[in-house]
Amino acid sequence: FFNLGIMTLSKSKSYASASSRVMASADTAVPSEDVLSQELVLNDLLDHHQLELHAKEANMYATLRQLEFIENANAIGVFNDSPEVYEKACDEKLRQYRMATDGFREFDLEKFLRDYDLQLDAVVKRIAAGMNANKQYEQDQRQKERDRHKDKGMLGLAVEIGQQIVSLHDAITMADEDTGLPVTDILPEFALFLRNLDRFPSVQSSAELAKIRHWEGIMKEMGSTEGLSTPQMQEITHDIDKMAMEVQRQG
């Protein structure tokens, strides 16, 4: 009987010890409230990031398809009697596209089109041009005109510069005073203007040319959605006119 009591007591101690180990293991297996709270916050952040990414992709998809619709309609002559409607719609979608790309860390248009199985050649062409088809046609015509003057020496260069000055004046005049002049609407032509001035030896040391270079630097630092304010448009017009007078005097 005494031995049986010892064995019973020994078993009781073993069961108690095992029970303690199980309880301790259970305590360590259950995360604390702080850990659970951190995991919930992390999951919320990940979910929010995914939702935000999907929203950006959906916005980009819609913008590209809308631009496709506008380009296809223009190609079949829908806007023949109202080209200004096409130009406004296309310019707006191009601006929306540039704003949409700013929402991505790195945006690859070709990859996006592959991922969504999209074949949008007209859209890719329009985005690459950065302008509506009518404006591109006008620039192409001006380029052809420049090419015809290329071999006519300084006289031809002066004529080309004069044409660019007219184009720059038109862009500034047509700008909305409330929203300003988008830098993407003037910088390409302005850069060509400056390159031609750099080919004009007699104006290289002029103060007017230095001002033109200064304006190019200002516009290059602007974002794709920024533009020149009304006071800036007035000032740059004045500097362009002064440059034109200098070219005429030296030519």
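How many nonpolar, polar and charged residues does the lining of the second largest pocket have?

The model is predicted, so local features need pLDDT of at least 70 and side-chain atom pairs count only at pLDDT 80 or more, while totals for chains, interfaces and linings use all residues. Residues are numbered from 1 along each chain as its sequence is written, and side-chain values use heavy atoms, with hydrogens and water left out.

Select Asp 91, Lys 135, Ala 171, Met 174 and Asp 185, which are the closest to the centre of the largest pocket among the 33 residues lining it. A pocket here is an open set of points on a 1 Å grid over the protein atoms alone, where a 1.4 Å probe fits, with protein on both sides within 12 Å along at least five of seven lines, and lining residues have an atom within 4 Å of a point. Its volume, about 930 Å³, is the space filled by probe spheres set on the points, which are joined across faces, edges and corners.

Next, colour helix H3 (83-102), which gives the largest share of this lining, eight residues; helices (H or I, at least four residues) and strands (E, at least two) are DSSP runs numbered from the N terminus. Two or more residues also come from each of H6 (133-149), H7 (153-173), strand E1 (181-182) and H8 (183-198). By class, the lining has seven nonpolar (Ala, Val, Leu, Ile, Met, Phe, Trp, Tyr, Cys, Pro), 15 charged (Asp, Glu, Lys, Arg) and eleven polar residues (the others, Gly among them).

Then move to the second largest pocket, of about 190 Å³, whose lining includes Leu 53, Phe 104 and Tyr 116. Helix H4 (109-115) gives the most, three residues, and the lining has five nonpolar, no polar and six charged residues.
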